[in-house]
Amino acid sequence: MIKGFSKLTKEAKIEWLIANYFKGEEKAREVLVSYWHSDEKLQKLHDEFIENTVSNFYMPMGIAPNFLINGKEYAVPMVTEESSVVAAAAKSANFWADKGGFKATVKSTTKIGHVHFLWKGDNTDDLTSFIAGIVPEFYTESNGITANMRKRGGGILAIQLVDKTADIPHYYQLEAEFETCDSMGANFINSCLEKFADVLKSEIANASLAVNEVEVVMCILSNYTPKCLVKVEVSCPIAQMVEGTDMSPQAFAERFTTAVRIAETQPYRAVTHNKGIMNGIDSVILATGNDFRAIEASAHAYASKDGRYSSLTHADMSDGQFKFWIEVPLALGTVGGITGLHPMVKFAHQMMGNPSAAELMMISAAVGLAQNFSALRSLTTTGIQQGHMKMHLLNILNQLEATEEEKAMIVRFFIKNTPHHAEVVSAFQRVRGGEVIA
Ligand code: MEV
């Protein structure tokens, strides 16, 4: 155990790590140092993002071009470690680009936060009237915090008391709704809520209520954002659902729709189905410096909103048309956080024309829908492994430390067949042994 680790210099932290976990091996230090940025100022910026930074952790950033969303063309930045994700999104973007592209609408952008508190009185109606009477105080006392947000068109939208005593004795929530414009708004919301808690405590002390105090348990935004919702849809005549195998467009559309229906009704399948959607969404969230944990938590809660975990996407076939859509809560920011700090994040925003938060919601959801379309297309036709293993092939070959010539020969060899791990190893051994495979 070490005390005061955070107070050590970066070098001393690394020294301690190498001595305690790498038997003093210099190679481990070299790995860490090799990922430091050569520009000291930039490295310092990274050092200060979090505590106890010892190095940087690289993830690949790929680009999925040709995303046509509401008539505007985007090249979307995606940060992910999974081999087939960018290729799948790009393939789907191409498929839909000449069929009108993605039609997106932001349904609402409201976020919610709570002051969770206990009040030991027994007449909830009294508390309700008291809270209704002090609502203006919540607004005026937080004026200093909300001034800038109000200038940008946002701020506090509503404040109300919610009686939760049926769940926990004496438990109430002061529930507030916010518009945070282009910022994700977590700090803004939490600051407002803490101010509301102060107002509540001081106002109740002078109220004519049977019980003149509250115990504030906590003040925090909710990452469940069902009122910060975006819908994205693609559609085309069923006859255009041509997917590359010998399956007819009608049969493909039917099987695809059945696969979606399975995800809508079967939680075991829905989790994997939605995971695939999040492959796309998370990669945009990461590239744009947003909080993927918040996005994940909210998306999965939304997938359970009807009491059973279900699909975030839906499909329909009627009047000769195939329709496929996603509805997902995405509380995103395009200002604040690290969006203006991290050079790669800034690059990502710039590449998409510095979108507003609402525009980024539409782009991210479109990528999620595209990802799901590609996954289901493969799953319902060739099987997922064909595309997936082709993309993963280079990872296996890199792990085997194959040379560029060996890689080229083996990739050529597997063009027509799905490469499975054992077959790749065997092909590699043959090539390493001097055999020419074709
Ligand atoms: C893999 O990361 C994602 C998929 O499993 C998604 C799906 O099954 O729909 C292919």
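On a 1 Å grid over the protein atoms alone, a cavity is a set of points where a 1.4 Å probe fits but cannot get out, whereas a pocket is an open set with protein on both sides within 12 Å along at least five of seven lines; lining residues have an atom within 4 Å of a point. The model is predicted, so local features need pLDDT of at least 70 and side-chain atom pairs count only at pLDDT 80 or more, while totals for chains, interfaces and linings use all residues. Residues are numbered from 1 along each chain as its sequence is written, and side-chain values use heavy atoms, with hydrogens and water left out.

**View 1. The largest cavity and its lining.** The lining of the largest cavity consists of Lys111, Met184, Leu221, Ser222, Asn223, Thr225 and Ala331. This cavity holds about 40 Å³ of space (grid points are joined across faces, edges and corners, and a volume is the space filled by probe spheres set on the points). One cavity of 30 Å³ or more is found in a search of the whole structure. By class, its lining comprises three nonpolar, three polar and one charged residue (Ala, Val, Leu, Ile, Met, Phe, Trp, Tyr, Cys and Pro count as nonpolar; Asp, Glu, Lys and Arg as charged; the others, Gly among them, as polar).

**View 2. The largest pocket.** The largest pocket contains about 1500 Å³ of space. Its lining is made of 45 residues, and Phe49, Gly289, Ile338, His342 and Val345 lie nearest the centre. Two or more lining residues come from each of helices H3 (40–47), H6 (143–151), H7 (186–205), H9, H10 (292–303) and H11 (343–351) (helices, H or I of at least four residues, are DSSP runs numbered from the N terminus). The lining of the largest pocket has 25 nonpolar, 17 polar and three charged residues.

**View 3. The second largest pocket.** The volume of the second largest pocket is about 760 Å³. It is lined by 30 residues, with Ser374, Ala375, Ser378, Ile384 and His388 the closest to its centre. Helices H4 (85–97), H9, H12 and H13 (384–399) each contribute at least two lining residues, and H12 gives the most, with seven. Seven nonpolar, 16 polar and seven charged residues make up this lining.

**View 4. The ligand and its shell.** The ligand takes up the space of the second largest pocket (a molecule sits in a pocket if more than half of its atoms lie within 2 Å of its grid points). Around the ligand are Glu82, Arg269, Thr272, His273, Lys275, Gly276, Asn279, Ala375, Leu379 and Ile384 (a residue is near a molecule if one of its heavy atoms lies within 4 Å of it). Helices H9 (267–287) and H12 (357–379) each supply at least two residues of this shell, to which H9 gives the most, with six. The shell divides into three nonpolar, four polar and three charged residues.

View 5. An oxygen atom of the ligand lies 2.6 Å from a side-chain N or O atom of Lys275 (a polar contact is a pair of N or O atoms within 3.5 Å). For the side chain of Arg269 the corresponding distance is 2.7 Å, and for that of Asn279 it is 2.9 Å. Taken alone, the ligand exposes 300 Å², of which the protein buries 83% (accessible areas come from the Shrake-Rupley method with a 1.4 Å probe).

Definitions and conventions:
A polar contact is a pair of N or O atoms within 3.5 Å; within protein, one must be able to donate a hydrogen and the other to accept it, and residues adjacent in sequence count only if both atoms are side-chain atoms.
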